[in-house]
Amino acid sequence: MRSVEEQQARVAAAAVAPRPVRVAIAESQGLMCAEEVVTERPMPGFDQAAIDGYAVRSVDVLSVGDGAGEISLPVMGSIEAGARTPSRLQPRQAARVQTGAPMPTLADAVLPLRWTDGGENRVRILRSVRSGAYVRRTGDDVQPGDVAVRAGTIIGPAQVGLLAAVGRDRVLVHPRPRLSVMCVGGELVDVSRSPGTGQVYDVNSYALAAAGRDAGAEVNRVGIISTDPRELRETVEGQVNRNEIVVIAGAVGGAAAESVRTVLSELGEMEVSRIAMHPGSVQGFGQLGRDRVPVFLLPANPVSALVVFEVMVRPLIRLSLGKRQPMRRVVQARTLAPISSVAGRTGYLRGQLMRDQDTGEYLVQALGGAPGASTHLLATLAEANCLVVIPSEVEEVRTGETVDVAFLAQRG
């Protein structure tokens with residue numbers, strides 16, 4: 001039986017990063033930049049007011065507060081943000097300016113409105129101002145030749161704003177890995193149909209597709225596929241040729257799964273093995289097609305399939321996106337009730353994570369009861385906001401003991 005860490009290492013070694021593509025900056029958020037974005041012009045491109053007020057020569061107002069009496073200056077006009085006509089300030093004059101307005105020639109500071117009486121034709125100065133105060137100088141943010149966004153940076157709101165500020169409407173990025181999700185099983189029907197005797201709804205293709213999107217992949221939900229050898233091979237081969245990751249649920253355990261694995265072995269390397277984890281210990285992984293695309297075989301049980309996806313597939317998606325930390329955030333929490341686990345296997349148990357308002361301590365309540373008794377209960381996974389990680393050597397966790405807890409996506 002292979003350890004979880006060994007299997008994760010095998011999966012990580014097979015990561016296939018999509019080729020970089022150029023996208024509109026509005027579509028680049030969350031993706032990794034694939035180029036050094038070098039600025040061609042300064043930002044800002046001109047001296048501009050950083051606050052609403054009056055543009056002045058600082059030397060004209062230096063004596064305010066030095067016993068020289070009240071100072072007032074004539075207001076030569078008003079300059080709005082976006083004004084394109086150059087203006088010039090004469091000595092001992094002021095100009096009303098809006099935030100972002102170009103500074104008039106000779107002005108070297110802006111007096112905030114609160115430091116004046118707000119006059120329109122003549123303004124009374126209440127405080128002096130130093131040279132350069134409340135002025136954004138040309139190139140203060142970025143100079144020509146500066147790198148605005150570096151290759152390898154995950155593009156967030158600030159990077160999108162900076163790209164726009166330097167005039168870039170498109171950027172080269174590593175795109176989201178394409179993930180294909182399908183499932184096999186003669187008992188399955190799509191949710192658009194009514195199940196007959198012995199039939200159940202296809203839960204896995206919908207749930208796993210949603211998990212793929214949550215991880216950051218571009219998902220193609222194929223749905224239920226035929227187990228006829230010829231049709232199965234054509235379907236899987238087609239998906240392998242157009243995706244970076246393929247997931248097939250229901251392809252481990254039983255005679256039908258054996259026939260599926262036989263067909264897949266014709267397309268490349270595929271191994272089904274026991275991994276020292278629960279639920280979902282029986283799972284498959286291989287690399288198929290000419291590009292050796294990672295392909296996962298997941299259990300038919302929806303909860304087991306989602307847990308295996310979380311532990312094995314999601315980190316691969318995050319690696320393909322260029323994330324430095326592909327794993328979920330893990331914190332330590334104190335248990336509110338006893339937890340049972342399976343000897344020799346790392347447990348990934350559904351739980352509700354809370355926080356003590358007085359101490360700030362994390363508290364966790366495991367969901368689902370005893371191991372093996374309720375791994376099929378998808379409702380408990382929907383209630384969970386974390387996975388409680390129990391080491392393989394631990395069978396029982398007592399109330400009040402500390403355990404590792406992996407955050408799931410936050411709801412609400």
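I began with Pro102, which touches Phe46, Asp47, Gln48, Ile79, Glu80 and Ala83 when residues up to four places away in sequence are not counted. I note at the outset that the model is predicted. I placed Pro102 in the loop between β7 and β8. Its relative accessibility is 19%, so Pro102 counts as buried, the cut-off being under 20%. I also looked up the separation of Pro102 from Ser87: the two are 15 residues apart in sequence, and their C-alpha atoms lie 8.8 Å apart in space.

**Entry: Leu106**

I stayed in the loop between β7 and β8 (109-112), where Leu106 is found. Leu106 is not a glycine, yet I read a positive phi of about 85 degrees for it. Most residues other than glycine have a negative phi. With a relative accessible area of 39%, Leu106 is partly exposed.

**Entry: Arg92**

I then turned to Arg92, in the loop between β6 and β7 (94-97). Arg92 also is not a glycine and has a positive phi, of about 60 degrees. Is Arg92 buried or partly exposed? I found a relative accessibility of 44%, so Arg92 counts as partly exposed.

**Entry: the cis peptide bonds**

The bond from Met43 to Pro44 is cis, with omega near -5 degrees. Pro44 belongs to the loop between β3 (37-38) and β4 (48-49). The bond from His278 to Pro279 is cis as well, with omega near 0 degrees. I located Pro279 in the loop between β19 (277-278) and β20 (282-288). For context, I recorded that most peptide bonds are trans.

**Entry: Ser58**

Ser58 sits in the loop between β5 (53-56) and β6 (71-79). I found a relative accessible area of 9% for Ser58, so this residue is buried. Which residues does Ser58 touch, not counting those up to four places away in sequence? I listed Asp108, Ala109, Val129, Arg130 and Ser131.

**Entry: Leu267**

I next examined Leu267, in the loop between α5 (255-264) and β18 (268-274). At 12% relative accessibility, Leu267 counts as buried. Apart from neighbours within four places in sequence, Leu267 is in contact with Arg233, Val236, Glu237, Leu288 and Gly289.

**Entry: helix α3**

I checked the length of helix α3, which has 12 residues (204-215). Which residues of α3 are buried? I recorded Asn204, Ser205, Leu208, Ala209, Ala211, Gly212 and Ala215. These residues cover an arc of only 160 degrees around the axis, which places them on the same side of α3.

I then asked what that side meets. The buried residues of α3 pack against the strands β13 (178-183), β16 (218-224), β17 (245-249) and β21 (293-298), and against helix α6 (302-320). Just after α3, I noted Gly216, with a positive phi of about 110 degrees.

**Entry: α3 against α6**

Two packed helices are described by the angle between their axes and the distance between the axes. For α3 and α6, I found that the axes come within 10 Å and cross at roughly 30 degrees. The angle is under 35 degrees, so α3 is roughly parallel to α6. The crossing of α3 and α6 is right-handed. On the α3 side, I listed Asn204, Ala207, Leu208, Ala211, Gly212, Asp214 and Ala215 as making the contact. On the α6 side, the contact is made by Pro302, Ala305, Leu306, Phe309, Arg314, Ile317 and Arg318.

**Entry: α1 against α6**

Last, I looked up helix α1 (residues 4-13), which packs against α6 at an angle of about 35 degrees, with the axes 10 Å apart. This crossing of α1 and α6 is right-handed. I recorded that Val4, Gln7, Gln8, Val11 and Ala12 of α1 meet Val311, Met312, Leu316 and Leu319 of α6.

Key: Residues numbered from 1 in each chain as written. Predicted model: local features only at pLDDT ≥ 70, side-chain atom pairs only at ≥ 80, totals over all residues. Heavy atoms only, no water. Helix = DSSP H or I, 4+ residues; strand = E, 2+ residues; numbered from the N terminus. Expected span 1.5 Å × (residues − 1). Buried < 20%, exposed > 50% of the residue type's maximum accessible area, 1.4 Å probe, protein only. Arc of directions from axis to C-beta. Contact = heavy atoms within 4.5 Å. Axes fitted to C-alpha atoms, helices over the stretch in contact; angles between N-to-C directions. Parallel < 35°, antiparallel > 145°, perpendicular 65-115°, else oblique. Left-handed = near helix turned anticlockwise from the far one by under 90°.
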